[in-house]
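Here is a short briefing on one chain of a complex and on the contacts between chains. Please keep the structure in view while reading.

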Amino acid sequence: MLYSPEPMHIPDGFLNLYVSIVCWIITTILISMAVSRTNKSLGEKQVPLMGVMAAFIFAAQMINFPVAGGTSGHLLGGALAAIMLGPWAGMLVMTAVIAVQGLLFQDGGLLVMGANILNMGLITCAIGYGLYRSVSGANRIFKLGVAGIAAWLSVMAGAFFTALQLWLSGTSQLQIVIPAMLFVHALIGLGEAVITVAALSFVLQARPDLLGENSESAKGSKGWIIAGVAISLIVVFLSPLASTDPDGLNRVATDLGFIGSARSSAGPLAGYMIPFLANVSLSKVIAGAIGISVVLGLAVLAGRTLQKKTPVQNRKP
Amino acid sequence: MHSDAFDRYHDTESFIHRLDPRVKVVVTIAFILSNALLPDGAWLAFGLAWLFLLLVNALSNLGLGFTFKRSFVALPFALVAITVLFSIPGKPVSTFHFLMWKLTVTDMGLLRFMSILVRSWLSVQMAIMLVAVARFPDIVHALEHLRVPSILTTIIAFLYRYLFVLVDEVFRLLRARESRSAAAAGSRSGGSVAWRARVAGNMAGQLFLRSYERSDRVYNAMLARGYAGHLMTINPHELRNIDYVTAVLAISLILLLQVIGRL
Amino acid sequence: MTNVIAVRDLHFSYHDHHAALKGVSFELCEGDKVALVGPNGAGKSTLMLHLNGILTGQGDVMVGNARLTRANLPAIRAMVGLVFQNPDDQLFSPTVFEDVAFGPLHMGLSRDEVTARVETALNAVRMSNYRDRLSHHLSVGEKKRIAIATVLSMNPQILVLDEPSAGLDPRARRTLINLLRELPITMLVSTHDMKLVEELFPRTIVMDEGLIVADGKTKDILADSKLLEAHGLERP
């Protein structure tokens, strides 16, 4: 097939409006930050570079390789984009890719695009770059290994948050959708990891200057490490919790007023869900969005107060 | 691969085609928003929304069934919502056994499930309509008018421009791989998964470098024509009276849908 | 006669210390149509990139009466219309109109002036009805002509073309040759196409290994078989 969609693109109608709006708020804040940051770092070249790179990611998503029994592994690209271009540029590039996928190919809805960008573009870049940045001083093999793990985790995180949004919208049951999404994407994530590592390895060999000390890739602040690790930890700890003990997560969500507390006790697949619209107060939703933004903002600020990597001075012979 | 493999625009003369792209984008978003706001089970409103959709199809001279034929794109995703059939409390409609569980479909569950599907089905059709009646560069212009940051719209414009070029390169790389994927008589071909993955990764890396170098050349071409860091764009669209009238009419109809849906 | 371009003793090395230009000097007068020939790696493209300041080396580049410096780059770039070899690099906007409008737009002209310039430029390359076409739909030949229009819209004093006929089928090549013949503008064209040189350009500059080894009437240079052979060229 000329264009094959990923199972993470949420179409219109599957997310509740409030969830959609909260995701848009987070996405808009992060994109605005990305716009102003890339302005300063890439300067004049940013437009042609990011433009062509966006086309690259889109095209690279078509490179596949057969895994087993008709399935194939292929690339989402968030971690790769962030590692190669720097975190903020990576986010803008992925935003453009997801926007075109939604607009032109209806892969992903228009109203829910904020959520899709958040899951597939922003979170993947944060984890991909954050974890890679943490080993910037290490030797090549180690860096590549971490990049692979980062790529895999980025896909898992995207899947996790997608599942979370579907649950919060009353579209899916928590204990079904989280394991299902994670399971499917664990395999896809392997493909992501392998292609990301192989591509990075190729570039490190052919043009090491692009990923070296003076590159965009190395100049991101250390706050990304905090962001990347934090999101990874959330995913790693909450996923099994959500799958096996949905009661716990449900209780937390109920206490926070996200979900109504009507329960039915008709067996393992009994649902705890009431359509989201009916029971939540708008103020709690806004509070939640502000809270998340504040946490992310603090993470980035924390990175700026930490020592930034200073560029190596070139000495003329 | 033909150069319009990625085009979704159908070049026909019609009232809708002639409308300003901003109107088309705004009405599309309003329609999708309206679907999201309609409550579960608002079947009359959903039905009228579908009529609205058919009207747009007809006015665009693309045939009444144009979007219908393409509307099942998002169907596989419906699987995600299937648990809703069993998990919402209500009157049981039917019961059956799946592996070791006893599943009961409730009427509220069915209502919710069908509502999700109908909303999605209606919305995706309007999105299909949008790119069929507005050229993609014009949609980008509309986004710029609607205050999307210009760096983002420019990246999207570049993406669109170079998409075909780069995908063509991917296909050439894939064909080269094909041509070299022979099997010696009597032995199994294909290599290990790890090897295949490495080849794929090398292709990605190769494509990355080519793209990076191309972006350098594009940058030089931009410099040669006076680019000095601040990109200027020209959006050759003027809103006519008919655009305003159509927009107001469409939005009013959509608001009417909202009222009907809550009666 | 005024010089449109004058290059004096230009030296340039790339980052990897490869010396691409080792002291290049020449002059172009108004109305000159000059071919630049030589083997691959001679430094032709490198030289062209110096003419509008994308690369800067040691030595002088004079455009009109002004010496090329950082400060007057924008003005120089409006005077020297550089057309690259690969039209996919030159056409980077989604539509033809936007691409041809890019130059005048960045010169600060008003919307009406820009539109007028686009029309004139497309007329000059005989492609007025391509105004609203999408760039990625065009054939190579069409792209090359639009690429010329994208610099013509800036009203340059000189057109510098890098391998314009490369990759064109005979029909597209013929169309291009007719176009170049009709354009009443000073031209410097690098090419491997010796028949093109013979047909269109009264003067030829031969480059090899970063230096100019011959500069004179095309007739004389094409008759000098020892010169041609020494620098990897063939008679048409």
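**Chain C and its contacts**

Chain C has 10 helices and 10 strands. Its radius of gyration is 18 Å, close to the 18 Å that the globule rule gives for 236 residues, so chain C is as compact as a globular protein of that length. The model is predicted.

**Confidence**
- Chain C has a mean pLDDT of 92.
- In chain C, 100% of the residues reach a pLDDT of 70 or more.
- For the complex, the predictor gives an ipTM of 0.90 and a pTM of 0.84.

**Dimensions of chain C**
- Along the principal axes, the C-alpha atoms of chain C fill a box of roughly 50 × 45 × 40 Å.

**Helix pair H6(C) and H7(C)**
- H7(C) covers residues 170–182, and its axis comes within 9 Å of the axis of H6(C).
- The two axes cross at roughly 15°.
- Angles under 35 degrees count as roughly parallel, and H6(C) and H7(C) are therefore roughly parallel to each other.
- The crossing of H6(C) with H7(C) is right-handed.
- H6(C) makes this contact through Val140(C), Gly141(C), Lys144(C) and Arg145(C).
- From H7(C) come Ala172(C), Thr175(C), Leu176(C) and Leu179(C).
- By class, the contact of H6(C) with H7(C) has 4 nonpolar, 2 polar and 2 charged residues.

**Contact of chain C with chain B**
- Chain C puts 31 residues into this contact, and chain B puts in 24 residues.
- On the side of chain C, the elements that give two or more residues are H2 (73–79), H3 (87–90), H4 (96–106), H5 (111–124) and H6 (140–152).
- H4(C) gives the most to this side, with 6 residues.
- The side of chain C that touches chain B has 15 nonpolar, 11 polar and 5 charged residues.

**Contact of chain A with chain B**
- This contact takes 70 residues from chain A and 72 residues from chain B.
- On the side of chain A, two or more residues each come from helix H1 (17–42), helix H2 (46–60), strand S1 (65–68), helix H4 (87–105) and helix H7 (174–206).
- H2(A) supplies the largest share of that side, 13 residues.
- By class, the side of chain A that touches chain B has 52 nonpolar, 14 polar and 4 charged residues.

Definitions and conventions: Residues numbered from 1 in each chain as written. Chains lettered and ligands numbered in written order. Predicted model: local features only at pLDDT ≥ 70, side-chain atom pairs only at ≥ 80, totals over all residues. pLDDT = per-residue confidence, 0-100. Contact = placed C-beta atoms within 7 Å. Helix = DSSP H or I, 4+ residues; strand = E, 2+ residues; numbered from the N terminus. Nonpolar A, V, L, I, M, F, W, Y, C, P; charged D, E, K, R; others polar. Axes fitted to C-alpha atoms, helices over the stretch in contact; angles between N-to-C directions. Parallel < 35°, antiparallel > 145°, perpendicular 65-115°, else oblique. Left-handed = near helix turned anticlockwise from the far one by under 90°. Rg over C-alpha atoms; globule rule 2.2 N^0.38 Å.
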